[in-house]
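Subject: Structure handover

Hello,

Here is the structure I promised to pass on. Please open it first, then read the notes below.

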Amino acid sequence: IVSSKVYLAGGGKTNNWKLTVDTSKFNGNFITEGEQLEDISGFNFSFPLQNLNTTNQLGAEILKKSFHDKNYGEITFNQKDIMILPMMKSIHLVGEIKIGNKTQQVPMHMQYLLNDDGSITVYGKQFVKLSEFDINLKKAKPADMAEEVTINIVLELAKKQILVATIKTN
């Protein structure tokens, strides 16, 4: 991975907010053939919820406090199934997202670009309904906070060279 950017976004009737993730872990095998993405296997990511940064917007602070009060340490996603639509440069992943002690099976939509240098840039979004993970925002006003949060990821993956050797024995 050359670079990664992860953030949570949400809002209410009157404002939008963003929580930026400083530390994240991504794993997976992205296989290309010529100009096409052929397969993705073992894709997963996780990030801790302790080090989320915000510009002190009320909704973001309420969500950070909710994670802290529930003792939720991280968010994880693990790929279960995949469908790649090469003509549309689109990826449909099905996986399990875990927040706290709750796990939900979810679809994740991603777009990708194959760059001239062989690297791949991936853009993904996952919508999460907080109540499905036992997060209730009772103290939040509807104008400050909606129940749906979006997990946004941007990854730039370097091209990995695979060396194949033929060994002759006498």
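**Salt bridges**

Asp-134 has a relative accessibility of 30%, so it counts as partly exposed. That class lies between the other two: buried is under 20% relative accessible area and exposed is over 50% (1.4 Å probe, protein chains only).

Before going on, some ground rules. This is a predicted model: local features need pLDDT of at least 70, side-chain atom pairs count only at pLDDT 80 or more, and totals for chains, interfaces and linings use all residues. Residues are numbered from 1 along each chain as its sequence is written, and side-chain values use heavy atoms, with hydrogens and water left out.

Back to Asp-134. What does it pair with? Asp-134 forms a salt bridge with Lys-102, and the closest N and O atoms are 3.7 Å apart. Asp-134 lies in the loop between strand 9 and strand 10, while Lys-102 lies in strand 8 (residues 102-114), so the pair ties together parts that are 32 residues apart in sequence. Lys-102 is partly exposed, at a relative accessible area of 30%.

Some terms. A salt bridge here is a side-chain nitrogen of Lys or Arg within 4 Å of a carboxyl oxygen of Asp or Glu. Helices (H or I, at least four residues) and strands (E, at least two) are DSSP runs, numbered from the N terminus.

How many salt bridges are there by this rule? The count comes to 3.

Another one joins Lys-80 and Glu-96, with the closest N and O atoms 3.9 Å apart. This pair links distant parts of the chain: Lys-80 is in strand 6 and Glu-96 in strand 7 (residues 90-99), 16 residues apart. Glu-96 is partly exposed, at 30% relative accessibility.

Then there is Lys-65 with Asp-69, whose side chains meet in a salt bridge (2.9 Å, N to O). Both sit in helix 1 (residues 58-69); they are 4 residues apart, so about one helical turn separates them. Lys-65 is partly exposed at 47% relative accessibility. Asp-69 is exposed, at 53% relative accessible area.

**Aromatic rings**

Rings of Phe, Tyr and Trp (its six-membered ring) pair if their centres lie within 6.5 Å; planes under 30 degrees apart count as stacked, over 60 as edge-to-face, and the rest as tilted. The whole structure holds 7 aromatic pairs.

One of them is Phe-26 with Phe-45, a tilted pair: 5.4 Å centre to centre, 35° between the planes. It links distant parts of the chain, with Phe-26 in strand 3 (residues 25-33) and Phe-45 in strand 4 (residues 36-48), 19 residues apart. Phe-26 is buried at 11% relative accessible area. Phe-45 is buried at 2%.

Phe-45 also pairs with Phe-77. This pair is stacked: 5.4 Å centre to centre, 15° between the planes. Phe-45 lies in strand 4 and Phe-77 in strand 6 (residues 74-85), so the pair ties together parts 32 residues apart in sequence. Phe-45 and Phe-77 are both buried.

Ring pairs also build a cluster, made of Phe-26, Phe-30, Phe-43, Phe-45, Phe-47 and Phe-77.

**Two further spots**

Lys-18 lies over the face of Tyr-7, 4.7 Å from the ring centre. The rule: NZ of Lys or CZ of Arg is within 6 Å of the ring centre and within 35 degrees of the ring normal.

Leu-130 is in the loop between strand 9 (120-129) and strand 10 (148-157). Is Leu-130 buried or exposed? Leu-130 counts as buried, at 2% relative accessibility. Leu-130 and Glu-148 are 18 residues apart in sequence and 6.2 Å apart in space, C-alpha to C-alpha.

Best wishes
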